[in-house]
Amino acid sequence: MQFGKSIRSQWLLEDNCVFLNHGSFGATPKVVLEAQTQWQQRLEKQPVRFMTQELPEALRHAAAELATFVGAKGEDIVFVENATAGINAVVRSLSFQTGDEIVITNHVYGAVRKTLQFICQRTGAKLIEVGVPFPISSELEITNAIAAALSPQVKLLAIDHVTSPTALIFPVAAIIRLAKQHGVPVLVDGAHMPGMMPLNIEALGADWYVGNCHKWLFAPKGCGFLWTSPAWQAEMHPTVISHGFGEGYLAEFDWTGTRDFSAWLAITEAIAFARNLGVTRIYEHNHSLAVWAGQVLNHAWGGHTPITASAIGAMTAVQVPTKKAQSGAKALHDYLWEKHRIEVPVIDFANRVWVRISAQVYNEPSEYRLLAEALWL
């Protein structure tokens with residue numbers, strides 16, 4: 001199957017827009033939305049039977065399918081609405097006190113920073129934000145910066161697998177090994193990783209891993225997951241306590257009350273869609289296109305690639321020309337959409353303005369050339 005505009009009809013995306021922002025909320029294929037609708041209708045045909053008899057098995061089947069895809073066991077995975085919900089479930093299940101420290105980096109997702117600020121205000125713990133330079137010349141700049149912040153006072157390290165503002169792939173396996181040497185448990189925010197690049201959660205050695213399936217894995221919106229190492233499962237609780245309290249990790253998270261479970265259950269169709277396209281093919285296409293597009297934009301705008309190709313997945317950040325950046329990120333975003341029908345995030349980071357481009361199978365080179373021309377010097 002040919003990628004690019006010829007495949008775009010499998011999504012509901014507007015015809016008259018250049019959509020270079022798959023990374024923010026994803027875009028769900030029609031066939032997956034149809035599967036979600038079928039689950040919703042199945043529920044409504046006999047709600048009591050579905051919720052009490054059919055749902056438990058269907059939910060665990062979906063978790064097992066997802067676990068196979070991300071390199072884990074089904075009994076270690078529970079569904080949450082999104083990665084932020086998973087982060088909240090973890091940190092609000094842990095105990096902190098005055099003198100404890102929680103370490104993050106300056107590339108952290110904004111909602112995660114806010115969550116940890118809340119935890120620290122409630123418990124007296126201190127939030128340490130490590131400055132990781134951007135652009136970077138080597139992964140050692142990341143690991144060295146984090147290493148300098150680790151101490152006996154650190155009770156949790158929360159790191160991104162793929163950073164949201166800068167689209168940088170962190171060397172999480174190396175960071176986790178480093179943290180373990182200091183006895184520090186690690187929570188990985190993998191919001192962007194499932195479906196973007198190959199993933200083997202168990203091999204990483206983290207204590208917790210949260211991810212979104214509605215970004216790069218084609219699931220309906222509101223489909224995230226939390227993976228917890230067996231050693232920590234007894235301490236984990238969802239943010240909403242319900243009938244499953246005291247019944248164990250799976251029982252607590254699988255039922256927190258009446259809700260629409262269809263986004264979680266449709267993950268099986270989303271994975272099938274990816275496999276039908278060819279998972280490795282998707283990875284290779286999106287990575288190659290993101291790297292190429294970043295080079296094109298940098299050449300057009302007189303910049304340079306801020307990171308090496310190995311640190312790029314299916315997104316990359318490109319610095320906006322100084323003259324164009326003076327109007328500010330929001331104004332520039334609105335200009336690109338209103339004047340050129342280009343949807344792309346424009347982000348302030350490290351006192352500079354960046355566009356964070358995404359590459360998905362429905363994108364093609366001509367779309368990035370349009371973006372280059374829209375902000376031509």
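β9 and β12 pair in the antiparallel sense over five bridges. This is a predicted model. The two strands belong to an open, antiparallel sheet of three, ordered β9-β12-β11. A second open sheet has seven strands and mixed pairing. Salt bridges number 10 in the model.

**The three-stranded sheet**

- The strand order is β9-β12-β11. β9 (315-319) and β11 are the edge strands, each with a single partner, so one side of each has no neighbour in the sheet.
- From one strand to the next, the twist averages 35°.
- Met315 has Ser358 of β12 as its bridge partner.
- Helix α14 lies across β11 and β12. The helix runs at about 165° to β11.

**Val353, a buried residue of β12**

- Val353 sits in strand β12. Its relative accessible area is 8%, so Val353 counts as buried, the cut-off being under 20%.
- Beyond its neighbours within four places in sequence, Val353 contacts Val318, Gln319, Val320, Ala325, Ala329, Val346, Ile347 and Asp348.
- One of these contacts, Ala329, is also among the buried residues of α14.
- Val186 is 167 residues from Val353 in sequence. In space the two are 30 Å apart, C-alpha to C-alpha.

**Helix α14**

- α14 covers residues 329-340, which makes 12 residues. Its first and last C-alpha atoms are 16 Å apart, close to the 16 Å expected.
- Ala329, Leu332 and Leu336 are its buried residues.
- The face turned away from the buried side carries exposed Lys330, Glu338 and Lys339.
- The buried residues pack against α13 (322-325), β10 (342-343), β11 (346-349), β12 (352-358) and α15 (365-374).
- Arg341 follows the helix. Its phi is positive, near 55°.

**The seven-stranded sheet**

- The strands are ordered β2-β8-β7-β6-β5-β3-β4. β2 (77-80) and β4 (126-130) are at the edges with a single partner each, so one side of each lacks a neighbour in the sheet.
- Neighbouring strands are turned by 20° against each other on average, direction ignored.
- β7 (residues 208-212) and β8 (residues 224-228) run antiparallel and are joined by five bridges. Val210 has Leu226 in β8 as its bridge partner.
- Helix α4 (residues 83-91) lies across β2, β5 (154-160), β6 (186-190), β7 and β8. Relative to β7, α4 runs at about 160°.

- Side chains of opposite charge can pair when their charged atoms come close.
- Glu367 and Arg8 form a salt bridge at 3.6 Å, N to O. Glu367 lies in helix α15 and Arg8 in the segment before β1 (18-19), so the pair ties together parts 359 residues apart in sequence.
- Glu367 is buried, at 3% relative accessible area. Arg8 counts as buried too, at 11%.
- Glu202 and Lys73 form a salt bridge at 3.0 Å, N to O. The pair links distant parts of the chain, 129 residues apart: Glu202 is in helix α8 (residues 201-204), and Lys73 is in the loop between α3 (47-70) and β2.
- Glu202 is partly exposed, with 34% relative accessibility. Lys73 is partly exposed as well, with 41%.
- Arg259 and Glu81 form a salt bridge at 2.4 Å, N to O. Arg259 lies in the loop between α9 (249-254) and α10 (262-265), and Glu81 in the loop between β2 and α4, so the pair ties together parts 178 residues apart in sequence.
- Glu81 is partly exposed, at 36% relative accessibility.

Definitions and conventions
Residues numbered from 1 in each chain as written. Predicted model: local features only at pLDDT ≥ 70, side-chain atom pairs only at ≥ 80, totals over all residues. Heavy atoms only, no water. Helix = DSSP H or I, 4+ residues; strand = E, 2+ residues; numbered from the N terminus. Expected span 1.5 Å × (residues − 1). Buried < 20%, exposed > 50% of the residue type's maximum accessible area, 1.4 Å probe, protein only. Contact = heavy atoms within 4.5 Å. Pairing = 2+ DSSP bridges. Axes fitted to C-alpha atoms, helices over the stretch in contact; angles between N-to-C directions. Salt bridge = Lys/Arg side-chain N within 4 Å of Asp/Glu carboxyl O.
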